[in-house]
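Reader: I am new to this structure and would like a short tour. Could you please take me through it step by step?

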Amino acid sequence: MPELPEVETVRRTLNQLVKGKTIESVTVHLPRILQRPAEAELFDAILQGQTIRNVERRGKFLRIVLDSTVLVSHLRMEGRYGVYPAGEPLEKHTHVVFHFTDGTELRYKDVRQFGTMHLFTPGEEFLLPPLHKLGLEPLGEEFTYEAFAAKLRGRTTKIKPFLLNQEHIVGIGNIYVDEALHLAGIHPEREAGSLKKAETERLYQAIITTLSEAVEAGGSSIKSYVNGQGEMGMFQHQLKVYGRKSEACYQCGSVIEKTVVGGRGTHYCAQCQPLKHKRARKD
Ligand SMILES: [Zn+2]
């Protein structure tokens, strides 16, 4: 699933490709992608004649801002956007086509069909699902050390599932949570509220550093992720623990371990990320 850096890369690419274009009509080949409104005719009617003013992002959601409506789009597992000339044959799994007045089309392709699209009047999108309960934007101004520390205070959840919960902080998924915890030297099973001030500061910085560097690299190409222009992200070459089970830790040479935390496959270095109070082991 694309995480913040990948969605941010798609956002930037889409802005270059479709900003200023006016929608003539929309063809929906798979109505289940539409959540609000659910009817293809209504979806098309609302978007007709609307010009794309900007493509923004909230967490892992794209916010395509038009004249008097906002399209909130989630790519989920494998959703992808691409811009094509109108005459070009449709590729397989193309579910929604936005026809522009200039003879080009924005096409939404999704092999897994889990992606979603919602339309709102501007501002309304923040008051309703799926955006209304989203937490701090980690690359936004609101993500201060104080705000982050306040979120952690008193929490008994393990730090990894805590960071994956989009109601606390948005945009971090399974790849970047493992990377950020490794960079901060924090074990993924530490209780969120048990982090000392120095650890909280390290983790706060590690989240910003990891996500920023990944955005710089255009995200990671894990499995099938490709950004809005069909280019592969390069951050997978900078990953320190994710996908490196049994390989040597770059920092200490120990073997990277893989375990399951909160139901998710988790990579970490037991040497660099010790659990403070080690449980007694049976021999
Ligand atoms: Zn290590």
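**A first tour**

Author: A UniProt annotation from an unreviewed entry, "domain: Formamidopyrimidine-DNA glycosylase catalytic", covers residues 2-115 (UniProt positions are in the numbering used here, feature names are shortened, and annotations may be inferred rather than shown by experiment). This is a predicted model, in which local features need pLDDT of at least 70 and side-chain atom pairs count only at pLDDT 80 or more, while totals for chains, interfaces and linings use all residues. Residues are numbered from 1 along each chain as its sequence is written.

Reader: How much helix and strand is there over residues 2-115?

Author: That stretch is 20% helix and 42% strand, and its end C-alpha atoms are 11 Å apart. Helices (H or I, at least four residues) and strands (E, at least two) are DSSP runs, numbered from the N terminus.

Reader: Which residues does the "domain: FPG-type" annotation cover?

Author: According to the unreviewed UniProt entry, it covers residues 240-274. Over residues 240-274 the chain is 0% helix and 29% strand, with 16 Å between the end C-alpha atoms.

Reader: Into which domains is the protein divided?

Author: There is domain 1 (4-126) and domain 2 (145-268), with bounds that come from an automatic or database domain assignment. Their C-alpha centres lie 29 Å apart. The contact between them takes 16 residues from domain 1 and 19 residues from domain 2; two residues are in contact if their C-beta atoms, placed from the backbone, lie within 7 Å.

Reader: What supplies the side of domain 1 that touches domain 2?

Author: α1 (4-18) and β6 (79-85) each supply at least two residues of that side. The largest share, nine residues, comes from α1. By class, this side of domain 1 has six nonpolar, four polar and six charged residues. Here Ala, Val, Leu, Ile, Met, Phe, Trp, Tyr, Cys and Pro count as nonpolar, Asp, Glu, Lys and Arg as charged, and the others, Gly among them, as polar.

Reader: Turning to helices, at what angle do α5 and α6 pack?

Author: Helix α5 (residues 174-184) and helix α6 (residues 197-216) pack at about 130°, with their axes 8 Å apart. Axes are lines fitted to C-alpha atoms, for helices over the stretch in contact, and angles run from 0 to 180 degrees between N-to-C directions. α5 and α6 are therefore oblique to each other: angles under 35 degrees count as roughly parallel, over 145 as roughly antiparallel, 65 to 115 as roughly perpendicular and the rest as oblique.

Reader: Which residues make that contact?

Author: Among them are Tyr176 and Leu183 of α5, and Leu203 and Ile207 of α6. By class, the contact of α5 with α6 has nine nonpolar, two polar and three charged residues.

Reader: And how do α3 and α6 pack?

Author: The angle between α3 and α6 is about 115°, and their axes are 10 Å apart. Tyr145, Phe148, Ala149 and Leu152 of α3 meet Thr200, Glu201 and Tyr204 of α6.

Reader: Where are the cis peptide bonds?

Author: One joins arginine 36 and proline 37, with omega about -5°. Proline 37 sits in the loop between β2 (34-36) and α2 (40-47). Another joins proline 129 and proline 130, with omega about 5°. Proline 130 belongs to the loop between β9 (116-120) and α3 (145-152).

Reader: What is the phi of arginine 76?

Author: Arginine 76 has a positive phi of about 45°, although it is not a glycine. Its place is in the loop between β5 (70-74) and β6.
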